[in-house]
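Dear colleague,

Please find the structure below, handed over for your records. My notes on it follow.

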Amino acid sequence: MTKVYPMVPLSEIAEAISRPVSVTAGESYRTIGVKWWGEGAYERETIDGSRTAAKTLSLVREGDLIINKIWVRHGSTAIASKAVDGCAASGEFPTFKLNQNRVVPRWIHWQTKARDFWTKCDALSRGTSGKNRIKPELFLTIGIPLPPLPEQRRIVARIEELAAQIHETRGLRQRAAEEVEVLTKSELAAIVNCLVNRIGVHLLGDLILSANYGTSTKCTCDRGVESIPVLRIPNVALERVNFDDLKFGALSKRELEGVLLSQGDVLIVRTNGSADLVGRSAVVPPLAEPTAFASYMIRLHCDRDVITPEYLQLMLKHLRTDSQLIDFARTTAGQYNVSLGRLRVAELPVPSLAEQRRIVAYMDRLQVKADALKQLQAETADELDALLPSVLNKAFHGEL
């Protein structure tokens, strides 16, 4: 049965409070921040008094309602937890003491996570001076539903029960997807180890006919008359070539000779600020037009009488995911790098071409199943993300 709760302004259950402390150079102060979209207050850092121009700060106590005046329109409101008790807030973070004879702090906590509450904060922030800062007295005019204390406690308990179930379900889905990814990784590792024990290894340098870096020519989204597509890291990051978000470059005839791609070439990300991206590779599919590749990648042209491009890519994936890549990846100026010299000494087993194809086909089937589960997990995650806002909406409209 739907219940109608009276709407009251925050001013009826909260009042602005300041617990000033003088700021002194040489003294330490724990500072506080408030995350967006009701994600809570947190301790930012401990600073020396000499690092702030403020003459005084205000202490925050557990159970306080605290806001960020600038970002309250983005849901930057929270109930202070025990973890931030005793932190010091500047004037940008007004605090309010709740009248606990009328309101349960957790009731307000869940209000701060509701979209209706964010919308009200946003409406009151617009048009005010100073980067849309909200005035504390204006914030207190926001109306919230306020049932009797026993009803608040009952609803809060129900919300938290459902929120825990949502969190647990999300975790189970995520772990399932991660376990499938681990399974594919361990299955590939088992295949490689078995091959190594049976047939030994070859140096990668003995299996490639040519290898080189890509073009450093500046590329743009706009295509000129003499420009051609240039594949970049985003085009191979998913370990298959995609032609989305292409950029184009005008290359000289001499440069083209060294960077034009052919079907079956293997592209490897050689340098990036993300260690997870370095070493990712993709096999070049049939191309509709002349296409080059950028300098952040290495192109390998393998001896296809000995090794297939797809099998080579699979072995490169094993080297990367088995953490062996760190043997030939190093950081310079914040970039992780794979050099041609290091790649040439990488070791991998090389069975017959027929067995290589069987292994690739088997791992492809396994990956298809893993991708399907990850897609299901992503879809379920979207559904779970929508579930809590729905629960809160029902709760504050007397339907829970």
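Predicted model: local features only at pLDDT ≥ 70, side-chain atom pairs only at ≥ 80, totals over all residues.

Residues are numbered from 1 along each chain as its sequence is written, and side-chain values use heavy atoms, with hydrogens and water left out.

The structure holds six aromatic pairs (rings of Phe, Tyr and Trp, the last by its six-membered ring, with centres within 6.5 Å; planes under 30 degrees apart are stacked, over 60 edge-to-face, the rest tilted). One of them, Trp 37 with Trp 118, is tilted, at 5.0 Å centre to centre and 55 degrees between the planes. Trp 37 lies in the loop between β4 and β5 and Trp 118 in helix α2, 81 residues apart (helices, H or I, of at least four residues and strands, E, of at least two are DSSP runs numbered from the N terminus). Trp 118 is buried at 16% relative accessible area, whereas Trp 37 is partly exposed at 39% (buried is under 20%, exposed over 50%, partly exposed in between, with a 1.4 Å probe and protein chains only). Together with Trp 36 and Trp 71, these two residues form one aromatic cluster.

Phe 96 and Phe 139 form another tilted pair, 5.4 Å centre to centre with 35 degrees between the planes. Phe 96 is in strand β10 and Phe 139 in helix α4, so the pair ties together parts 43 residues apart in sequence.

Arg 344, in helix α8, touches Leu 203, Leu 204 and Gly 205, among others (contact means heavy atoms within 4.5 Å).

Definitions and conventions:
Lists of a residue's contacts leave out its neighbours within four places in sequence.
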